[in-house]
Amino acid sequence: LAAALGAADLVDTLKGEGPFTVFAPTDEAFAKLPAGTVETLLKPENRDQLVAILTYHVVAGKVKAADVVKLSEATTVNGATIAITVTDGGVRVNDANVIATDIKASNGVIHVIDTVILPGS
């Protein structure tokens, strides 16, 4: 995730005032993408696509887990909507499982997910 944020020039944005809620995929989530996807997205000519994917993982405002479970959807920084589903087994964002919640950041909160979510999927 850190390499992708750097390639997309989003590090300074996400270090900004915020607050932000980030649904952060694990390294294993990125590894589940088809072979070559990450390398292709990190190329300078694919920056816009990378930015669209990464900003799809960010919601404006500080949305803690106790608030997330009350939502059925949220609008991301890229303008698209993510679906939020709460079940006995936990919380899903689109097709990703939330596996850790409420990790404090200086300008918001991070929830860890097990799958990279893609706009339009």
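Asparagine 94 is placed in the loop between strand 5 (90-93) and strand 6 (96-105), where helices (H or I, at least four residues) and strands (E, at least two) are DSSP runs numbered from the N terminus. The model is predicted, and local features need pLDDT of at least 70, side-chain atom pairs count only at pLDDT 80 or more, and totals for chains, interfaces and linings use all residues. Residues are numbered from 1 along each chain as its sequence is written, and side-chain values use heavy atoms, with hydrogens and water left out.

Although asparagine 94 is not a glycine, its phi is positive, at about 55 degrees. With a relative accessibility of 17%, asparagine 94 counts as buried, a term that means under 20% relative accessible area, with exposed being over 50% and partly exposed in between (1.4 Å probe, protein chains only). A positive phi of about 55 degrees is also found at aspartate 102, which is not a glycine either. Aspartate 102 belongs to strand 6 and is partly exposed, its relative accessible area being 32%.

The strands on either side of asparagine 94 form a hairpin with 2 residues between them. Strand 5 and strand 6 pair in the antiparallel sense over 2 bridges; two strands are said to pair if DSSP finds at least two bridges between them. Valine 93 has alanine 96, in strand 6, as its bridge partner. On its other pairing, strand 5 is antiparallel to strand 4 (residues 81-87), with 4 bridges. A hairpin through 2 residues joins strand 4 to strand 5, and threonine 87 has glycine 90, in strand 5, as its bridge partner.

The nonpolar interior was examined next. In soluble globular proteins, nonpolar side chains tend to be buried together. A nonpolar core is here a set of buried Ala, Val, Leu, Ile, Met, Phe, Trp, Tyr and Cys residues joined through side-chain atoms within 4.5 Å. The largest such core has 18 residues, of which Ala8, Leu50, Leu54 and Val116 touch the most other members. Two or more residues of this core come from each of helix 1, strand 1, helix 3 (27-31) and helix 5. Helix 5 gives the most, with 4 residues. A second, separate core consists of 14 residues, including Val59, Ala74, Ile84 and Ile113.

Within helix 5 (residues 47-55), the buried residues are Leu50, Val51, Ile53, Leu54 and Thr55. Their cover includes helix 1 (2-7), helix 4 (37-41) and strand 2 (58-60). When residues up to four places away in sequence are not counted, valine 116 touches Pro25, Ala29, Phe30, Leu33, Ile53 and His57, contact meaning heavy atoms within 4.5 Å.

Valine 63 lies in the loop between strand 2 and helix 6 (65-68). This residue is buried, with a relative accessible area of 16%. Apart from its neighbours within four places in sequence, valine 63 is in contact with Thr21, Val68, Leu71, Val109 and His111. The C-alpha atoms of valine 63 and aspartate 27, 36 residues apart along the chain, are separated by 23 Å.

Rolling a probe the size of a water molecule over the atoms shows where empty space is left. On a 1 Å grid over the protein atoms alone, a cavity is a set of points where a 1.4 Å probe fits but cannot get out, whereas a pocket is an open set with protein on both sides within 12 Å along at least five of seven lines; lining residues have an atom within 4 Å of a point. Grid points are joined across faces, edges and corners, and a volume is the space filled by probe spheres set on the points.

The largest pocket holds about 310 Å³ of space. It is lined by 18 residues, and those closest to its centre are Leu5, Leu14, Val22, Asn107 and Ile110. Helix 2 (11-14), strand 1 (20-25) and strand 7 (108-113) each supply at least two lining residues, and strand 1 provides the largest share, 5 residues. The lining divides into 14 nonpolar, 3 polar and 1 charged residues; Ala, Val, Leu, Ile, Met, Phe, Trp, Tyr, Cys and Pro count as nonpolar, Asp, Glu, Lys and Arg as charged, and the others, Gly among them, as polar.

The count of cavities of 30 Å³ or more comes to 1. The largest cavity has about 40 Å³ of space and is lined by Ala4, Phe30, Val38, Leu41, Leu42 and Leu50. This lining comprises 6 nonpolar residues, with no polar and no charged ones.
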